[in-house]
Amino acid sequence: MALRLYDSMTRELRVLSPSHADGVFRFYNCGPTVYAPAHIGNFRTFLINDVVRRLLELQFGPAKVKHVRNLTDVDDKTIKRARDEGRPLADVTRQWTEKFHADCAALNCLVPHDEPRATDPRHLRGQVDMIDVLLRKGNAYRAPDGSVYFKVSSFPGYGALSRVKERELQPGDALKALAADADEKEDGSDFALWKAWKPDDGDNQWPGPEGAAPGRPGWHIECSAMSKAILGETIDLHTGGVDLLFPHHENEIAQSECCNGQQLSRHWYHSEHLLVDGKKMSKSLGNLYTLDELTAKGVSPMAVRYALLAGHPRKQLNFSLDSLHAAESAMAKLHAYGQSLSTDGDAVALDPVRAALHDDLNIPAALGALFTLVNRGPQGVPKAAFDEVLWTLGLKPTAPGAAAATAPAPVVALAEQRWTAKQARDFKAADTLRGELAAAGWSMLDGKDGYKLEPLKK
RNA sequence: GGCGCGGUUGCCAAGUGGUAAGGCCGAGGUCUGCAAAACCUCUAUGCGUCGGUUCGAUUCCGACCCGCGCCUCCA
């Protein structure tokens, strides 16, 4: 079954395939800026890319996929955070990198094969080298303050991805934004490759390209340099959120292709944003959720994963807390179904599910096909094939309440009393104790040979 | 203003030129001392509005209304 994915560049569905002689599929996914906890909108993108990674592994074999996701550890936001907290930049980015990794693990994301950082000396050198080449080739120029800018007019292909040439800048806001660097740039659409040190940058500066001032790399160049260093000049797939389409990816293409004289990526894929209450998440709207905030409400990370994957990746998904309840219930159903399966049956039963995933990552259709199967019963569905589909989606369903083994001792004592009373068929006492447990905020689920405790749902 | 996306049942969400997957919620039932879990059954003559094409449109075309995103460092 061929794996087809929408290509933002050609705007059509195209089959994914490796292009290098070694048969290794080269996959670069733009990662987070590590200055704060990632929010669930960020994770929607990373989760979608995690499913892409899994599908690629199934398609080409685990050893034939190389997945790279960068960490942006130097930019205005990280530097500002470090300055505000009076800490070294590296401390701040290490803290939030660790948090990002913990969240990714909780959400059951596969670990990328490489996770390059912009300030890694090796990659800093790579970025400077690229800028040197661009300067030499005439695609870049030094500004009076020692910064280096990319000369957009030197690259005829500029705008192919975002159709920027068909755009017109809004006279109001855009010009204001451009005015900030107006003195340094030759043209408003030029963008920074290297930013000369400013007092706000504090201790954070590195030797720059030839003839440039010490400072730090511009944002876009890191992906170009690190992708080249790890995956080579031409990669097979480059992904990110739609917001990166312009200018980030457009600029990456310009830098890389002018520097290398090779196509940067054979395929581009962008996932849509997560909305909350119908709007993009933002601090000013106060509709921004982190994983911790959701798990604090008693939601399992797996339910968060399910909820974030439940919409078509190329369509905006409107997130709500209700969707998490739906996700928990759906996961419980999948878990029960998985328990009922045996080795009997034919893996083709799962083909409709796989077909939907292979058809431009249509996860909602795949889930629909999966539940159609679930509703038909376990006959003819082998457990291994079912498990493989769950693995592809990265879902690990659990029984309801399975995680709730950590009741406080007094609650456990009450539960023990009630269990004893129940065994003695003293139902009056058992009911009273159920009431006391409820008052303590716990619910007791009786089984045949024992019980489980779980926090009372509100 | 430019570029792009979307409006499907109470909520979420697929999809198709021949009359609408699936999840949640809800209702009924089986089971259970109770409660849960599990399982079974039911739940859109309708897919933003108005026209057009067609034997037939939710699906194609046009217009309009509404919502969302991007438009220089936000996944």
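Trainee: What makes helix 1 count as lying across strands, and which strands are they?
Mentor: The model is predicted. Contact means heavy atoms within 4.5 Å, and helix 1 lies across strand 3, strand 4, strand 9 and strand 10. Angles run from 0 to 180 degrees between N-to-C directions; helix 1 runs at about 175 degrees to strand 3. Helix 6 (residues 219–231) lies across strand 3 and strand 4, at about 155 degrees to strand 3.

Trainee: How do you know that strand 3 and strand 9 pair?
Mentor: Pairing takes at least two bridges. Strand 3 (residues 25–29) and strand 9 (residues 237–241) have three bridges, in the parallel sense, so they pair by that criterion. Asparagine 29 stands opposite threonine 239 in strand 9.

Trainee: Why are strand 4 and strand 10 called edge strands?
Mentor: The open sheet has the order 4-3-9-10, with parallel pairing. Strand 4 (65–69) and strand 10 (268–271) each pair on one side only. Neighbouring strands of this sheet are turned by 20 degrees against each other on average, direction ignored.

Trainee: What makes the 73 residues a nonpolar core, and which touch the most other members?
Mentor: Members must be buried, under 20% relative accessible area, and joined through side-chain atoms within 4.5 Å. Phe43, Val304, Tyr306, Phe319 and Leu361 touch the most other members of this largest core. Helix 1 (residues 40–60) gives the most to it, with nine residues.

Trainee: Why is this core said to lie between domain 1 and domain 2?
Mentor: Both domain 1 (4–271) and domain 2 (288–393) give residues to this core, so it lies between them.

Terms used. Residues are numbered from 1 along each chain as its sequence is written. Chains are lettered from A and ligands numbered from 1 in the order in which they are written. This is a predicted model: local features need pLDDT of at least 70, side-chain atom pairs count only at pLDDT 80 or more; totals for chains, interfaces and linings use all residues. Side-chain values use heavy atoms; hydrogens and water are left out. Buried means under 20% relative accessible area, exposed over 50%, partly exposed in between (1.4 Å probe, protein chains only). Helices (H or I, at least four residues) and strands (E, at least two) are DSSP runs, numbered from the N terminus. Domain bounds come from an automatic or database domain assignment.
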